[in-house]
Amino acid sequence: MAVHNSSALVVFSGGQDSTTCLFWALERFNKVEAVTFNYNQRHKQEIDCAKAIASELGIVHTVLDMSLLHQLTANALTRPEMEISSGGKGDLPSTFVDGRNLLFMSFAAVLAKQKGMQHIVTGVCETDFSGYPDCRDVFIKSLNVTVNLAMEYQFVIHTPLMWLNKAQTWKLADDMGKLDYIRMKTLTCYEGVMGEGCGQCPACKLRNNGLIQYKQGK
């Protein structure tokens, strides 16, 4: 695997996708760091999980306070009293957080520049994106141009999962020899259950169905 003679900052939640991206970056860059955002998310276990993985892998890890998102927008990820729903009839899922990836990626770019890093890695995906508009490829490409112009700096935003479904994401983890690590040590569940999760929330169903599909296709 070719390694860039440069460094990368991974936007890291401790979930399946971002942890897969962390291992992907570790295979390609000489230096990798991670940034996690505390936006008053439904379960603080997400932050604890990210810290634990970064510590275990010896990754420099920054946690940024983004609790203003809780003040700005009502959604099921920042308001535990709200019901988690998948949406329908053109409505976005209740777990969609307005502006989340716009703010996260912008702040990640500011942090990356201060650290002299040009490469930013994020696990957004348009194939299994739950209808979130800020996970689309066109948004990321647009944002890449915007942050470059805003800071007069040549960022490159990498989205290794953009065109992969969940089964293919599991395959990527397996190809890197990290499937069991990601299956057991990450937190994707909206109910805050580690590993395979509660099995009932939309995030768990997407993740677990992808794993079943991948294993059946092997």
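## Overall picture

Contact here means heavy atoms within 4.5 Å. With that in hand, let us look at how the chain is put together in this predicted model. Among contacts between residues at least 6 apart in sequence, 71% join residues at least 24 apart.

The protein chain has 8 helices and 5 strands. Of the 218 residues in the protein chain, 51% are buried.

Is N144 buried or exposed? Its relative accessible area is 14%, and N144 is therefore buried, given that the cut-off for buried is under 20%. The side chain of N144 reaches out to the backbone nitrogen of I157, at 3.0 Å. Setting aside neighbours within four places in sequence, the residues in contact with N144 are F155, V156 and I157.

N148 has a relative accessibility of 14%, so N148 counts as buried. A polar atom of the N148 side chain lies 3.0 Å from the backbone nitrogen of F155. Not counting residues up to four places away in sequence, N148 touches Y153, Q154 and F155.

## Helix 6 against helix 8

For helix 6 (residues 166–175) and helix 8 (residues 202–217), the axes come within 7 Å and cross at roughly 70 degrees. That angle makes helix 6 roughly perpendicular to helix 8, because angles of 65 to 115 degrees fall in that class. The crossing of helix 6 and helix 8 is right-handed.

Which residues of helix 6 and helix 8 meet? Helix 6 brings K166, A167, W170, K171 and D174, while helix 8 brings L206, R207, G210, L211, Q213 and Y214. By type, the residues of this contact of helix 6 with helix 8 divide into 5 nonpolar, 2 polar and 4 charged.

How values were computed. Residues are numbered from 1 along each chain as its sequence is written. This is a predicted model: local features need pLDDT of at least 70, side-chain atom pairs count only at pLDDT 80 or more; totals for chains, interfaces and linings use all residues. Side-chain values use heavy atoms; hydrogens and water are left out. Axes are lines fitted to C-alpha atoms, for helices over the stretch in contact, and angles run from 0 to 180 degrees between N-to-C directions. Helices (H or I, at least four residues) and strands (E, at least two) are DSSP runs, numbered from the N terminus. Angles under 35 degrees count as roughly parallel, over 145 as roughly antiparallel, 65 to 115 as roughly perpendicular and the rest as oblique. A crossing is left-handed if the near helix is turned anticlockwise from the far one by less than a right angle, and right-handed if clockwise. Ala, Val, Leu, Ile, Met, Phe, Trp, Tyr, Cys and Pro count as nonpolar, Asp, Glu, Lys and Arg as charged, and the others, Gly among them, as polar. Buried means under 20% relative accessible area, exposed over 50%, partly exposed in between (1.4 Å probe, protein chains only). A polar contact is a pair of N or O atoms within 3.5 Å; within protein, one must be able to donate a hydrogen and the other to accept it, and residues adjacent in sequence count only if both atoms are side-chain atoms.
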